[in-house]
Amino acid sequence: MTREKIALSPAMPKCWNPETKPHKFCPGCGHGLALKMLGEAIDELDIQDRVIFGCDIGCSLLSWDFFNVDSVQTHHGRTTPVITGIKRARPELIGIAYMGDGGGYAIGAQHLVNSATRNEKVTAILINNTNYGMTGGQMAPTTLPGQKTETTPYGRDPEETGYPTLGPEMVAAIAKEGAYVARGSIANLRQLKKFLKKAIQNQVDGNGFSFVEVVSSCPTNWRTNAEATWSFVEKDMAEYFHVGEFKVPGQKEEK
Amino acid sequence: MSEKPVTGERRVFMTGNEVCAWAALAAEADIMYGYPITPQTDIMQYWTRLAPKFGRKFLQTEDEISAGFTTIGGVLAGKRAFSATTGPGNVLFQEPMSMAEMMRIPTVVIIPQRGGPSTATVIYSQQEVTMTAFGGNGEGFRIVYSTAGHQDLYDYTIKAFNTAWKYRFPTFVLGDGYQAKMREPLTIYDPAQRGIQMVKTEPLVGLEGTPGRDRPTQYLRNTYNTEEELYEVVMEIARDFEKAAPEIVEWQDFDTDKEMDVLILAHGVVSRSAQGALPLLREQGIRAGHFRPITLRPMPEEQMRRAAAKAKRILVVESAYGQLLKLVQQSLYGLAKPIDTLLRPGAGVTAEEIADQVKEGR
């Protein structure tokens with residue numbers, strides 16, 4: 001590496017693949033922040049050579065060559081079973097399934113629910129940006145009431161389309177002792193990293209299923225500027241999607 | 001590690017599903033993932049009873065989509081992983097199998113066909129030929145063995161693992177509900193004692209060393225950005241498939257060395273009825289032969305054409321409404337031979353019925 005390059009390189013986690021940076025997510029997208037916290041978590045836990053990273057379809061697939069960890073890009077909604085299959089065959093590996101809200105709460109909901117029920121020793125990370133970003137901003141299971149998307153042009157009407165999915169609340173309700181469930185936000189990265197580390201550590205310790213939802217942003221499809229983007233993440237989404245830990249092994253549940 | 005499940009050779013009397021479980025054990029399969037559906041479920045039931053005794057694993061998934069994708073996961077981790085399904089379960093399997101096709105993941109799936117379309121019957125058919133060979137949103141780069149009985153089930157289940165891992169295409173053992181539920185005598189054996197070496201498996205993720213430092217990182221994908229990029233990928237798979245096809249194709253022929261009045265084309269258990277029809281026809285002075293493709297994908301086209309060239313006409317017999325027929329027409333294109341059919345979707349066919357059809361069709 002030349003001196004000039006070193007001077008220009010921003011600080012990035014050791015386990016990131018520098019050759020695929022800058023990454024391909026839109027400016028202002030929360031994926032990059034979530035993946036940075038995940039990278040730091042992997043570095044701090046010193047598990048780079050044991051992690052298998054699986055990514056879903058949708059914007060999350062842009063992370064397929066993001067890390068210097070063995071990675072597999074799967075089908076829409078099917079990352080959880082692929083990682084489950086790997087983990088069942090080789091329990092010494094650490095399986096991370098990375099997906100969006102469509103992959104986890106809609107097309108792959110049965111896999112999330114049943115992995116949680118079986119207490120699969122894998123870690124699922126789900127990015128909630130209230131819409132289907134890759135296909136151009138349609139309604140997702142997490143779209144807020146009244147929110148305009150390409151398939152709810154007059155705003156999401158809960159009478160017609162139901163209320164946003166509360167994923168961690170659902171997973172916490174069906175998961176048993178040993179599971180770790182939390183919701184973090186790109187608005188609080190230190191806390192998000194703490195949750196991600198605990199979620200991975202929980203798998204390393206062999207306790208059970210770990211699930212972290214990340215409240216994230218999508219300025220491209222929200223058609224918001226920086227100020228409005230942060231306002232939507234920190235106010236509108238925060239009001240509906242409560243940040244915190246929902247299930248911690250060996251601990252009384254806290255909100 | 002536990003002792004070998006099958007040592008030496010042993011004469012047994014078993015259902016086809018039990019045979020498949022024993023064959024997977026003998027083939028050193030590490031893990032089965034599956035979801036119950038009749039008439040496949042007993043494979044799982046035998047496996048779950050036998051596997052723990054030999055240090056093998058099992059996962060019952062939430063549906064067949066998950067069974068297929070977890071099987072893929074097991075293979076990616078470097079294990080000899082398999083599943084079994086049928087009918088509507090086979091429909092759901094097409095999604096994961098299209099991924100296996102694109103990414104050259106050597107999955108093995110055993111399919112005792114049941115009636116279709118839809119839920120249909122839990123009993124028997126040959127209606128999953130098209131789906132097993134060509135399902136998914138692609139070209140059908142898969143290997144399909146059609147078994148005719150219990151010895152076949154044992155032999156080809158073992159072989160399926162080796163073919164899959166040698167050529168890296170998803171491989172299927174296509175049986176049917178009759179074979180699954182019926183008992184037959186057969187010989188089970190330790191493959192090693194017959195000189196059958198199990199092809200070594202290797203992990204596609206979770207390799208030794210730190211990725212990016214000690215070795216290149218494994219990046220596996222099935223998504224491509226441009227038409228040109230995808231075209232190159234698919235054409236490479238096509239070339240590999242076509243190159244491997246002559247080594248993979250298998251067939252049997254009966255009385256096809258001379259000129260024939262009729263060549264009976266049938267696969268799977270129906271082939272046994274066709275074999276039974278030959279002496280009945282001979283008694284009546286009809287010169288009949290029979291050709292049985294064992295691999296339906298790739299199809300032994302050349303061998304079938306050679307046999308067909310010696311016959312005045314062809315009779316295609318199957319427990320489906322024209323699925324084998326389509327493959328035969330494709331294989332024999334350009335050969336000017338009349339094709340008669342006996343198509344019985346979801347129903348069995350006897351030797352007498354085939355002999356009658358031959359006489360009727362004259």
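Q: In which sense do strand β6 of chain B and β13(B), joined by two bridges, run?
A: In this predicted model, strand β6 of chain B covers residues 143–146 and is joined to β13(B) by two bridges. One residue facing across this pair is B:V144, which stands opposite B:R297 in β13(B). The direction in which β6(B) and β13(B) run is antiparallel.

Q: Which strands stand at the edges of the open sheet of seven strands in chain B?
A: The order of the strands in this open sheet of chain B is β3-β2-β4-β5-β7-β6-β13, and their pairing is mixed. Neighbouring strands of the sheet are turned against each other by 25° on average, with direction ignored. An edge strand has a single partner strand, so one of its sides is left without a neighbour in the sheet, and the two strands of chain B in this position are β3 (57–60) and β13 (295–297).

Q: At about what angle to β5(B) does helix α1 of chain B run?
A: Helix α1 of chain B, made of residues 16–26, lies across β2 (31–34), β4 (81–84), β5 (108–113) and β7 (171–176) of chain B. Taken against β5(B), the helix α1(B) runs at about 170°.

Q: In the open sheet of five strands in chain B, which residue of β12(B) is the bridge partner of B:V262?
A: The strands of this sheet follow the order β10-β12-β11-β14-β15 in chain B, with mixed pairing, and β10 and β15 stand at its edges with a single partner strand each, so one side of each is left without a neighbour in the sheet. Neighbouring strands are turned by 20° against each other on average, direction ignored. Within the sheet, β11(B) and β12(B) pair over four bridges in the parallel sense, and the bridge partner of B:V262 in β12(B) is B:A288.

Q: Which residues of α9(B) are buried?
A: Helix α9 of chain B has 14 residues, 270–283, and reaches 21 Å from its first C-alpha to its last, close to the 20 Å expected. What covers its buried residues includes β10 (251–254), β11 (260–265), β12 (288–293), β14 (311–318) and α12 (351–360) of chain B. The buried residues themselves are B:V270, B:S271, B:S273, B:A274, B:A277, B:L278 and B:L281.

Q: What is the radius of gyration of chain B?
A: The secondary structure of chain B comes to twelve helices and 15 strands. For its 362 residues the globule rule gives 21 Å, and the computed value is close to this, so chain B is as compact as a globular protein of that length. Buried residues make up 52% of the chain, and the radius of gyration of chain B is 21 Å.

Q: Which element gives the largest share of the side of chain A that touches chain B?
A: The contact takes 29 residues from chain A and 36 residues from chain B. On the side of chain A, the elements giving two or more residues are β2 (70–73), α3 (79–89) and α5 (109–117). The largest share, eight residues, comes from α3(A).

Q: Which residue of β9(B) does A:V72 stand opposite?
A: Strand β9 of chain B, residues 219–220, pairs with β2(A) in the parallel sense over two bridges. In β9(B), the residue opposite A:V72 is B:L220.

Definitions and conventions:
Residues numbered from 1 in each chain as written. Chains lettered and ligands numbered in written order. Predicted model: local features only at pLDDT ≥ 70, side-chain atom pairs only at ≥ 80, totals over all residues. Expected span 1.5 Å × (residues − 1). Buried ≥ 20, exposed ≤ 12 C-beta atoms within 10 Å, placed from the backbone. Contact = placed C-beta atoms within 7 Å. Rg over C-alpha atoms; globule rule 2.2 N^0.38 Å. Pairing = 2+ DSSP bridges. Axes fitted to C-alpha atoms, helices over the stretch in contact; angles between N-to-C directions.
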